[in-house]
Amino acid sequence: MDASQLNWLSAADAARAIRDGAISAEELTEACLARVREVDDTVQAWAYLDPEHTLGQARARDQERREGRAIGALHGLPVAIKDIFDTGDMPTEDGTVLHAGRTPAHDAAAVAMLRAAGAVIMGKTVTSECATYTPGKTRNPHNPEHTPGGSSSGSAAAVAAGMVPLALGSQTNGSVIRPAAFCGVFGFKPTHGLIPRSGVLKLSRTLDHVGVFARSIEDVALICESLVGYDAADADTRPRARPPLLQVAAEEPPLPPLLAFARTPLWDRSDAELREAFAELTGHLGDRIVELDLPALTNEALVWHRTIMEAEMAANLDAEWTRGRDRLSASLQAQLERGRAVPALAYQQAVARIPIINAGFEEIFERCDAILTPAAPGAAPAGLDATGDPSFCTLWTLAGMPAITLPLMQGANGLPIGVQLVGPRGGDARLLRTARWLASAAAADVEP
């Protein structure tokens, strides 16, 4: 392959090529940096990038291989890190002027796990302000006049634009699934607590998830396998055997999966183009689709989610509120003001709904492999003053269920339209397998 095109290799193919000696980590990293130089003036995905430091890491990975040392699953692969994950060798500014120049002493747990697997930490990608709603500088790679989504805007855009094969993000509402859909890449939010969050800007213990961006399902599984683990500093993780995500994702399902198509109570928020695209997709899938009426209690999910998120944000960002509220955006100020006013009873009642929601889906998942639903109301909207509507992600984030968006469709304006698949808590490997089946079925010329 032309060295100038190495940046477009899948992560899995690049890892194999580095392991076999066909390419070096330095060559791959230099190709990614060349792509940054080519397109990032327009896309503006990076909050911090030091090319020499990045290349130094790649050369160290190559030296380790030459010396015959054990190498990890991500050896030599550049990975972008959303700028809310602490990095001991780079600033972490959380998208807010209040944290400008902040340089942590240690890596976040997820970053440390990436390094242990041999990854090259490429740099820090743009996040919206404190991973909430006020946009950063990043633009959509498909059309710079459209939003890339948020809050993991830079991570999604960097992968979509070919600047890096893999990236870390986070989701407290729709911050992985939505930007992945808008930028036309695969975005995966695993089961709540599967990937540790220590060293990540804390908004909501109940809702925060670490997620990933990639250009294939195999790549999603590859990076996630290296991120699953127990961390005593994150009380929502637990000791467990590492799920064989890569192996299961590559397997053929024992039977053709059955998908439950959920319009959700938010269907009227979707645009006509999305509805037409989903009608075509579900028609193509034929008897592998069943219509799903969601449990009635899910109608209140937006209210419960907002109650929990804003109350916990107000507690976790109290220091920022106390010393610098006038330097926060009007949007974030309003969220924190509402959060500080949430009654304790309303908060506790909302949290208590989460296991009830999950129990309400048990019968559905006994019959169906996954739930098919939009990732967003449509393609990325025009304009850069907002990150788009996250509401098609809210229920699944509240429930802590794994979700993945697949770039299967395209609007008339050429912008991607994402398809979201959701599985039961703990069903991450099966969900990835079903997603791979769906991607193949959607691309087929005949009925699956």
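What percentage of the 448 residues in the protein is buried? And please zoom in on helix α7, residues 217-225.

Guide: Buried residues come to 59% of the 448, where buried means under 20% relative accessible area, exposed means over 50% and partly exposed is anything in between, with a 1.4 Å probe and protein chains only. Before we zoom in, some ground rules. This is a predicted model, with local features needing pLDDT of at least 70 and side-chain atom pairs counting only at pLDDT 80 or more, while totals for chains, interfaces and linings use all residues. Residues are numbered from 1 along each chain as its sequence is written, and side-chain values use heavy atoms, leaving out hydrogens and water.

Now the setting. The protein has 16 helices and eleven strands; these are DSSP runs numbered from the N terminus, with helices being H or I of at least four residues and strands E of at least two. The radius of gyration is 21 Å, close to the 22 Å of the globule rule, so the protein is as compact as a globular protein of 448 residues. That radius is taken over C-alpha atoms, and the rule is 2.2 Å times the number of residues to the power 0.38. Along the principal axes, the C-alpha atoms fill a box of roughly 60 × 60 × 45 Å. Of the contacts with a separation of 6 or more, 77% are between residues 24 or more positions apart, a contact being heavy atoms within 4.5 Å.

On to α7. Seven of its nine residues are buried, so the helix is largely enclosed by the rest of the structure. The buried ones are Ile217, Asp219, Val220, Ala221, Leu222, Ile223 and Cys224.

Asp369 is in the loop between α14 (362-367) and β9 (370-374), and its 16% relative accessibility makes it count as buried. Its side chain makes a 2.8 Å polar contact with that of Arg430; a polar contact is a pair of N or O atoms within 3.5 Å, where within protein one must be able to donate a hydrogen and the other to accept it, and residues adjacent in sequence count only if both atoms are side-chain atoms. Beyond four places in sequence, Asp369 touches Pro257, Leu258, Arg430 and Thr434.

If you want a helix residue with some surface, Ala112 in α4 (109-116) counts as partly exposed at 36%.

A few backbone spots are worth a click too. Most residues other than glycine have a negative phi, and most peptide bonds are trans. Gln44 has a positive phi of about 55°; it lies in the loop between α2 (25-43) and β1 (46-48) and is partly exposed at 26%. Thr264, in the loop between β7 (259-262) and α9 (272-285), has a positive phi near 70°, but at 17% it counts as buried. Finally, the peptide bond from Gly150 to Ser151 is cis, with omega near 10°, and Ser151 falls in the loop between β3 (120-125) and α5 (153-160).
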